[in-house]
Amino acid sequence: MTSLFLNSRWPGLALLTVVVMALPAILPNAFYVDVAIRIAILAINGIALNLLMGYTGQISLGHAGFFGLGAYGSAVLTSHFGVPALLALLASAAFTAVIAYGVGRVILRLRGHYLAMATLGLGIIVSIVLTNEAAWTGGPDGMAVDGFTLFGFTPSGERQWYWVFAVLLVGTVVLAQNLIDSPAGRALQALHGSETAAAVAGISVRQRKIAVFVLSATVSAVLGSLTAHYSGYVNPGLAGFLQSVELVIIVVLGGMASIYGSVFGAVIMGVLPQVLAGYEGWDSVAFGVIMAAAMIFLPRGVVPSLTAWLRSPNRRRGEGAAC
Amino acid sequence: MSSELLQFILSGVTLGATYTLAALGFSMIYNASGVINFAQGEFIMVGGMAASFLTAAGVPLPLACVLGVMVAGVIGWLIERFAIAPARDAEVASIIIITIGVSMIVRGFTEILLGKGAYALPHFSGEAPIALAGATILPQSLWVLAVCALIVAGLGLFFGRTRIGKGVLATSYNRLAAQLVGVDVRKVLTLSFVLSAAIGAVGGVLVTPIATVSFDTGVMLGLKGFVAATLGGLGSGPGAVFGGLFLGLIEALTAGYISSSYKDAVPFVLVFIVLVLRPQGLLGAKPTDRI
Amino acid sequence: MMFVKKAMGTVCAAVMTVLVGQSPMPVQAADTVKIGSVLSLTGGAATLGDPELKTLQMYVEEANKTGGLLGRRIELVHYDDGSEPAKANGLIKRLLEDDKVDMLIGGTTTGASMAIYPLVEKAKIPFISLAGATVIAEPAKTWMFKISHHDRMVGEKVMADMKARGITSIGMLSDTSGYGQSARKEMQAVAQRLGVTIAVDETFNTKDTDVTAQLAKMKNNPAVKAIFVVSFGQGAIVATKNIAQLGITLPHYQAHGSASKEYIRLAGAAAEGVRLPAPALMVAAELPDNDPQKQISLDYAAAYEARYKTDLSPFGAYTRDAFFLWADAVKRAGGFDKAKVRDAIESTKGLAGTCGIVTMSAGDHLGLDVSAFKLVTVKNGAFVLAD
């Protein structure tokens, strides 16, 4: 039974869908719904980054930059130019994709820490531009963003927006799973194993890497646009270094190359700040301890370590003995 | 040379010396362990904070400075012992997260213990600026430059002449081979963490009289140190010196001649260009890939 | 399979317990009134948020020791926005929806206050913002009040003094924080209105350890007859030290963010002779005895320094005034009804605080004018009235 569950993708998806459908009934007020939405946003962003990090082994310390480009693209286009929200979203996504393609072509040749440095720089440059071009972006204080209207429907309030992000989350999970199970996805996983081997097997390593980089950036940009409309406010911190680090934590904590791992990581990173709110100083310490401890004791991430444990024959024997 | 340009250069070199000390720490740890230590900036902060706190508490300045550096060294040792060593075989991303986690712990405890306020130290040799062809430099800046030069020279001797220094170098080239010829790799790792923590803290102590320090000072300095180390070539000692000075000069000249708003972006644009043209950094050795 | 389901169930339950347990179900104790506060306790504006929280905590405790307000215990619920406006926007939902607070004091930064406001208006709850930009109170917004002087007034006070001393051309050095950027724009407008030329207009990052490059440009430009630094905290201190280092002897002005003893202590001798606008609090001892601001300022200074063993800051003082603005309104409203408290705040007349004497109206949600500022200078390591 256990292995059936672990090896098929449907039970996980069904469980996620059920949880997502049931949550609004349990959550007592708009604040909890807001937390759930923010978790969904983190999860989608985490999955996008995980496609890059987990399946191609490319680290990015600047991913929030793409999220920020999407958010500010929508904010600036709708407020300063009166562009309809959907059009603004598509334009920002396209713009981000072009940037990601241009940058990706150049930097994806780098490895390890050098790639980390380059992506870190990219994210910081984005947030510096957003901070300094105050005439357009409102500077460090940020700017207000109007609501989002699509086909005559304007989500308002947390509970309506919840469904927008819920659909997006489930959609992203399905998309990511399909991508991973496709021949292209298997090629991706080969990249992580060994680039040279993948190249020998006839996979165009560089193009695949760039394709994933662009896809990952675009998903984050779209998410950024919607988040901007949802929260009604954007500021450069959205694209900042800390935000990028938070995404990396979600991916690595949950488990590289594990989609549900990213969802799990997002739950932790979404709930923890709420639990620790009001304990300044200690929140930083607690976050640090959790991050470091998780990486030391569960280096492969929580979800993969857990599934490996569930699969291990030792545990089954133990289970049998207990019965 | 106009006095304005001279002033920019003097200010750039002082900044650069601070970045150099941060970058040296990055490079040393990278060499010994292949780890990029994102907590490097916190050593700078801890050095400055501890020395300031002790001075304020009545400890004589020289002793406070030495103690500040020692506190950072002990923290460096603790980090290596309890956070890095247990995660030997983890991936790059995991180790980066560990060091970021550690930096948050250090920052958090400093905030809890010493508060959010800013601290300063008295200048070591007075505050009267020294005039130099129309420009000025603080005696404290000379301290920064002189100590930085001493440390660089000292490290050169250490790595070139002493047995243990050579052991560190050997480990960075090939850990297994070093182990086989009798280098105690564990000791090398511990030493490199303690040493880079201490060097970072020296930087913090030296620059605090000029720049003041607070619990979150380390973040920006750490990032700049990382940029400087990458510019010069990760793991290269001369590279760290060159990268640090280069970065400081570029920042001062950008602020002076181009745009003070975008001077913080320039290092990152620069590192981008350098990485694309010369991925191993300006002075780094060409990396060899293991298959 | 069963195990996994059970595990997931446990996880969900744990998450819910943690969430719910952290903030108990809104069973409102009838004898408690809640102040909600979102402050910047970490990040770029932490130097502002820290004294703000300390002051609030001090007065809430003090009020509770003497029986609370109108017989009800005051409870302070505060969260840290990390100096990120978008985060403040999320935290305010928690205060409104989950903690069910009766009053909001906070919004350390202008960004946070503006990000919060749409939700405040929807929830119809009075909100006293601690941030500085003019936009918060101009035009007046129904549910938002402002306690700190407009940044514009800082410029007016400083430049009026410059003109009185015959200076019409200056160099301005502002930081790139939210405060610095919005203040810079307001200073430029004031300068134009008052006929002051900003000959060199430079910026720096509050975390910079050296700004001599920017200052050297001012030093070498003969049109610069005075230097005006628009910043706060460490940024202002570094700039002050650098001005001394370059041997610049031009008149040196700072903004009100530097009106704290920390500034003098850390900038040392370099701060001597600096002129800046400050709330009356900073020169309370010099005020005449019949000045209504004198005694309360001395009391606040004594209480704060005794309790926290740390330097007095104008940002704490603003928060003190915000707390008493609210307390005064509650007493006049005779209860905690949100709409009535709002109306009472709006009809505040002649309420003396540490930072000014507040008289609000429907069109004026600040209730201070430029006379609330005193122009002070640093002399022998202390602030003294400049004139």
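Contact here means heavy atoms within 4.5 Å. The model is predicted: local features need pLDDT of at least 70, side-chain atom pairs count only at pLDDT 80 or more, and totals for chains, interfaces and linings use all residues. Residues are numbered from 1 along each chain as its sequence is written, chains are lettered from A and ligands numbered from 1 in the order in which they are written, and side-chain values use heavy atoms, with hydrogens and water left out.

**Exercise 1. Describe the surroundings of His150(C).**

Solution. 
Step 1. His150(C) sits in the loop between β5 (144-146) and α5 (151-164) of chain C. Helices (H or I, at least four residues) and strands (E, at least two) are DSSP runs, numbered from the N terminus.
Step 2. Check its accessibility. The relative accessible area of His150(C) is 3%, so the residue is buried. Buried means under 20% relative accessible area, exposed over 50%, and partly exposed in between (1.4 Å probe, protein chains only).
Step 3. List the contacts. With neighbours within four places in sequence left aside, His150(C) is in contact with Gly132(C), Ala133(C), Thr134(C), Ala137(C), Glu138(C) and Leu366(C).
Step 4. Look for a polar contact. The side chains of His150(C) and Lys146(C) make one, at 2.7 Å. A polar contact is a pair of N or O atoms within 3.5 Å; within protein, one must be able to donate a hydrogen and the other to accept it, and residues adjacent in sequence count only if both atoms are side-chain atoms.
Step 5. Follow one of the contacts. Glu138(C) is joined to Pro139(C) by a cis peptide bond, with omega about -5°. Pro139(C) belongs to the loop between β4 and β5 of chain C.

**Exercise 2. Find the buried residues of helix α12 (residues 338-346) of chain C, and what covers them.**

Solution. 
Step 1. The buried residues of this helix are Val341(C), Arg342(C), Ala344(C), Ile345(C) and Glu346(C).
Step 2. Their cover includes β3 (103-106), β4 (127-129), β5 and α11 (314-333) of chain C.
Step 3. At the start of α12(C), a side-chain oxygen of Asp337(C) comes to within 3.3 Å of the backbone nitrogen of Ala339(C).

**Exercise 3. Ala133(B) has a positive phi, and Thr212(B) has one too. Is each residue buried or exposed?**

Solution. 
Step 1. Ala133(B), with phi near 50°, lies in the loop between β1 (130-132) and β2 (135-137) of chain B.
Step 2. Its relative accessibility is 68%, so Ala133(B) counts as exposed.
Step 3. Thr212(B), with phi near 60°, lies in the loop between α8 (185-211) and α9 (217-232) of chain B.
Step 4. Its relative accessibility is 3%, so Thr212(B) counts as buried.

**Exercise 4. Summarise the fold of chain A.**

Solution. 
Step 1. Chain A has 16 helices and two strands.
Step 2. Its C-alpha trace spans about 65 × 55 × 45 Å along the principal axes.
Step 3. Of the 323 residues in chain A, 59% are buried.
Step 4. Among contacts between residues at least 6 apart in sequence, 79% join residues at least 24 apart.

**Exercise 5. Describe the interface of chain A and chain B.**

Solution. 
Step 1. In this interface, 44 residues of chain A are in contact with 45 residues of chain B.
Step 2. The two chains bury about 3800 Å² between them, 80% of it on carbon and sulfur atoms. Buried area is the accessible area (1.4 Å probe) that two parts lose on being put together, summed over both.
Step 3. His113(A), Tyr114(A) and Met117(A) lose the most area on the chain A side, together 21% of what that side buries.
Step 4. The elements of chain A that give two or more residues to this side are α5 (85-107), α6 (112-132), α12 (241-254) and α14 (282-297). With 13 residues, α6(A) gives the most.
Step 5. The rule finds four residue pairs in polar contact across the interface (both at pLDDT 80 or more).
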